[in-house]
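Trainee: I would like to go through this model by question and answer. Please keep to what can be computed from the atoms.

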Amino acid sequence: MPRATQFHRSIHLSHSQLIKTSPSCPVCGTHGFREPVAHVQRDPEVVLLRCPECLSCSTSHIAVPKVLDEFYRSYYGDNQGSDGVAFHDPNRFAKHLSKWVHIESLKPKGDILRICDFGGGDGSLARAIATQLGVDCSIDVVDYSSNEIQSTDSIDIRYFSSIDATSGRYNLILASAVLEHMVDPLAILRKLFFAIEPNGFFYARTPFVLPFLRFIPSFDFLFPAHLHDFGPAFWNRAIRTFGWCANLVSSRPSIVETSLRNSPFRTSVANAIKFPALLQQAFQRSPDTVPLWPFVGGWEVVIQTTD
């Protein structure tokens, strides 16, 4: 069965293991009819519902807490590796993000850079970014994972199990491959965006697999871990949907999370699939371009807050 990532698979849930979600969109809070657009599993049926307001897609059901807890114990303990990060090469990620996030835009001269790595495992991505920028940095990692990296003279890393346990505001917030797991993404997005300093940056990387689900009936959505599908239609209007004071810096097919060194075949195929959409964006050079070729697998955005 085709899969969205290499790290885990869906599990088929029974009626007793499922909870029907609220009629309201869990992403933007809009109440009303949401169109079924694809099946996630059958018998019992779980479908993706698309919100007409924010254009996100969310599952019609979620797993009961006990099932979800057992699933994530396996998810973190066995499938994610030693660092709890789904990205193979954090240094490659840091170089990629530096195309849009520059140190002179992040903080006043002489201040310590503050990064929140939401769902960041051991904080490898945030640490790689701090190293790439070459500045003193304070990193708050928010994750259920217990893996930790030691602080250094220039990089202080703290770990929290909830965003509510953190304090202060950040120059950069990362939400890489995590929002699709949230039962209440609206509350999380509000908390994260409120915690960004003026002129600070928000980065998100999320699945966009609805085109695959429609084209390949057996495509694995990774349910019940994945509950939402966020593509360009959602992200390109997110600032308007949520009323954020911000500018869209980049909205594009996401960077491939595997590397040629570790997964040469998978990485080559993923890059080839994304290439038509990336080529279109290269010629149009607009941060809110919607690709004519939708089979990209994932989407990423960089948003910068305003004063």
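**Fold and local backbone**

Mentor: Begin with N171, which is found in strand 9 (residues 170–176); strands (E, at least two residues) and helices (H or I, at least four) are DSSP runs, numbered from the N terminus. This is a predicted model, in which local features need pLDDT of at least 70, side-chain atom pairs count only at pLDDT 80 or more, and totals for chains, interfaces and linings use all residues. Residues are numbered from 1 along each chain as its sequence is written, and side-chain values use heavy atoms, with hydrogens and water left out.

Trainee: Is N171 buried or exposed?

Mentor: Buried means under 20% relative accessible area, exposed over 50%, and partly exposed in between (1.4 Å probe, protein chains only). N171 has a relative accessible area of 8%, so N171 is buried.

Trainee: Which backbone nitrogen does the side chain of N171 reach?

Mentor: A polar contact is a pair of N or O atoms within 3.5 Å; within protein, one must be able to donate a hydrogen and the other to accept it, and residues adjacent in sequence count only if both atoms are side-chain atoms. At 2.8 Å, the side chain of N171 reaches the backbone nitrogen of R114.

Trainee: What is the radius of gyration of the protein?

Mentor: The protein has nine helices and 13 strands. The globule rule (2.2 Å times the number of residues to the power 0.38, with the radius taken over C-alpha atoms) gives 19 Å for 307 residues, and the protein is close to that, so it is as compact as a globular protein of that length, with a radius of gyration of 19 Å.

Trainee: What is the omega of the peptide bond from D43 to P44?

Mentor: Most residues other than glycine have a negative phi, and most peptide bonds are trans. D43 lies in the loop between strand 2 and strand 3, is exposed with a relative accessible area of 68%, and has a positive phi near 55°. The peptide bond from D43 to P44 is cis, with omega near 0°.

Trainee: Where is L222, and is L222 buried or exposed?

Mentor: L222 is not a glycine, yet has a positive phi of about 70°. Its place is in the loop between helix 6 and strand 11. At 0% relative accessibility, L222 counts as buried.

Trainee: Which peptide bond is cis with omega near 10°?

Mentor: P224 is in the loop between helix 6 (210–215) and strand 11 (228–229). The cis bond with omega near 10° runs from F223 to P224.
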